[in-house]
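Work through the exercises below with the sequence and the model at hand. Each task is followed by a solution in steps.

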Amino acid sequence: MAFADRHFNWRPLGGGRIVDAGAGAIDRLGLASVPDDAKVRAMTDESEGLKLALHTPAQGDLPQPPPLRTLAQTAIFLDFDGTLVDIAARPDAVEVAHTLPALIERLDAVLGGRVALVSGRALAALDGMLGPLDVAMAGSHGGEFRPAAGDEVHPLADPLPEGIAGPLARFARDNGDLIVERKPFSMAVHYRGHAGMREPLLAMARDLAEDHGAGVKDGKMVVEVVMPGSDKGSAVAKFMEMPLFAGATPYFVGDDVTDEDAFRAVERFGGGGILVGAMRRTAARWRLDDVRAVHAWLSDALELAPPGKTDDEMAGGSGEPTG
Ligand SMILES: [Mg+2]
């Protein structure tokens with residue numbers, strides 16, 4: 001595999017020997033943001049001692065998505081954390097831009113109701129942060145499904161059994177009081193600030209998941225045990241079965257590994273994924289740098305079409321993805 005040096009005190013020294021520094025080395029370097037597939041290598045040299053280098057596999061970047069107003073008959077699926085709001089130290093500490101609820105509602109109007117939020121959070125948490133939005137939502141990675149505000153919530157999965165929740169909560173409490181987020185169909189343990197807990201937490205989560213037929217999501221500073229049927233790809237597919245969404249070209253905007261199921265799902269419906277954040281291995285076709293870039297991309301659709309106009313009335317290009 002071709003590796004590209006990123007930084008650190010790395011230079012090839014005569015007689016040196018390159019070895020993988022092993023699991024945990026990336027955590028020990030204390031870096032804020034490292035791609036999942038990065039490796040730390042150590043080079044030994046008799047005279048100069050140990051050198052460490054962070055390597056990320058060389059990979060081409062993705063293009064920016066085409067302007068939203070040029071995409072015809074579009075459905076937009078939006079992740080929340082890391083996509084519409086910046087990630088905060090605690091899940092309840094995110095700051096919602098005061099313009100965000102109106103942006104989502106206007107976009108929904110412009111796209112004829114074909115906007116949906118698809119988040120790992122519980123619907124109640126999303127409602128609490130965004131206020132009552134008349135927009136379709138799926139919460140808990142699709143475990144809760146609500147076609148439009150006020151409608152009944154349809155569970156797409158079985159509730160999380162105590163046999164998973166109890167042991168995970170005890171583990172979190174006994175290992176540095178890790179933050180636990182209990183949702184109807186999943187339970188997330190956040191280990192930000194306790195990077196060394198990732199491996200034991202993952203191992204335990206995988207054991208519990210196997211015993212109960214559940215799945216494990218290995219996210220950004222979070223490990224989550226999720227009941228089957230509750231992933232973001234299932235939620236996207238469920239929306240696309242609805243008459244309102246059927247036949248539209250879907251785009252999913254998301255930042256985390258849990259969004260990859262949804263990136264693959266929108267591909268199956270002729271659309272594509274839009275990764276938010278730094279480049280990494282992904283099923284997405286396009287990339288936006290950060291939350292601000294997402295807001296700008298979404299706002300673009302509103303500039304040519306005032307609220308109330310549908311995209312069928314807008315000046316449009318081809319509906320085909322160009323990436
Ligand atoms: Mg996210």
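**Exercise 1. Which strands does helix H3 lie across, and at what angle does it run to E7?**

Step 1. Helix H3 covers residues 123–130 and lies across strand E6 (115–118), strand E7 (136–139) and strand E8 (144–146). Helices (H or I, at least four residues) and strands (E, at least two) are DSSP runs, numbered from the N terminus. Contact requires C-beta atoms, placed from the backbone, within 7 Å.

Step 2. The direction of H3 makes about 130 degrees with that of E7. Axes are lines fitted to C-alpha atoms, for helices over the stretch in contact, and angles run from 0 to 180 degrees between N-to-C directions.

Step 3. The model is predicted: local features need pLDDT of at least 70 and side-chain atom pairs count only at pLDDT 80 or more, while totals for chains, interfaces and linings use all residues. Residue numbers start from 1 along each chain as its sequence is written.

**Exercise 2. Give the strand order of the open sheet of eight strands, and name its edge strands.**

Step 1. The order is E9-E8-E7-E6-E5-E14-E15-E16, and the pairing is mixed. Two strands pair if DSSP finds at least two bridges between them.

Step 2. Strand E9 (154–155) and strand E16 (286–288) are the edges, each pairing on one side only.

Step 3. At the E16 end, strand E15 (residues 272–276) pairs with E16 in the parallel sense over three bridges. Val276 has Leu288 of E16 as its bridge partner.

**Exercise 3. Describe the open sheet of four strands and the helices on it.**

Step 1. The strands follow the order E10-E11-E13-E12 with antiparallel pairing. From one strand to the next the twist averages 15 degrees.

Step 2. E10 and E11 form a hairpin with two residues between them, and they pair over five bridges in the antiparallel sense. Arg182 has Met187 of E11 as its bridge partner.

Step 3. E11 also pairs with E13, antiparallel over five bridges; here the bridge partner of Met187 is Val225. E12 and strand E13 (residues 222–226) pair in the antiparallel sense over five bridges, with Gly215 opposite Val226.

Step 4. Helix H5 (residues 198–212) packs on the sheet, touching E11, E12 and E13, at about 5 degrees to E13. Helix H4 (residues 162–174) lies across E10, strand E11 (186–190) and E13, running at about 10 degrees to E11.

**Exercise 4. Why is E11 described as largely enclosed by the rest of the structure?**

Step 1. A residue is buried if 20 or more other C-beta atoms lie within 10 Å of its own, exposed if 12 or fewer, and partly exposed in between; C-beta atoms are placed from the backbone.

Step 2. Five of the five residues of E11 are buried, so E11 is largely enclosed by the rest of the structure.

Step 3. In a regular strand the side chains alternate between the two faces of the sheet. In E11, Ser186, Ala188 and His190 point one way, Met187 and Val189 the other way, and all are buried.

**Exercise 5. Where is Ile164, and which residues does it touch?**

Step 1. Ile164 is part of helix H4. It counts as buried because it has 20 C-beta neighbours inside 10 Å.

Step 2. Leaving aside neighbours within four places in sequence, Ile164 contacts Met187, Leu208, His212, Ala214 and Val225.

Step 3. Ile164 and Ala209 are 45 residues apart along the chain, and 7.4 Å separates their C-alpha atoms.

**Exercise 6. How do H6 and H7 pack, and what covers the buried residues of H7?**

Step 1. The angle between H6 and H7 is about 35 degrees and their axes are 7 Å apart. Lys232, Gly233, Val236 and Ala237 of H6 make the contact with Asp261, Ala262, Arg264, Ala265 and Val266 of H7.

Step 2. In helix H7 (residues 260–268), the buried residues include Ala262, Phe263 and Val266. Their cover includes strand E5 (74–78), E6, helix H6 (232–241), strand E14 (249–254) and E15.

Step 3. Just after H7, Gly270 takes a positive phi of about 85 degrees.

Methods:
Contact = placed C-beta atoms within 7 Å.
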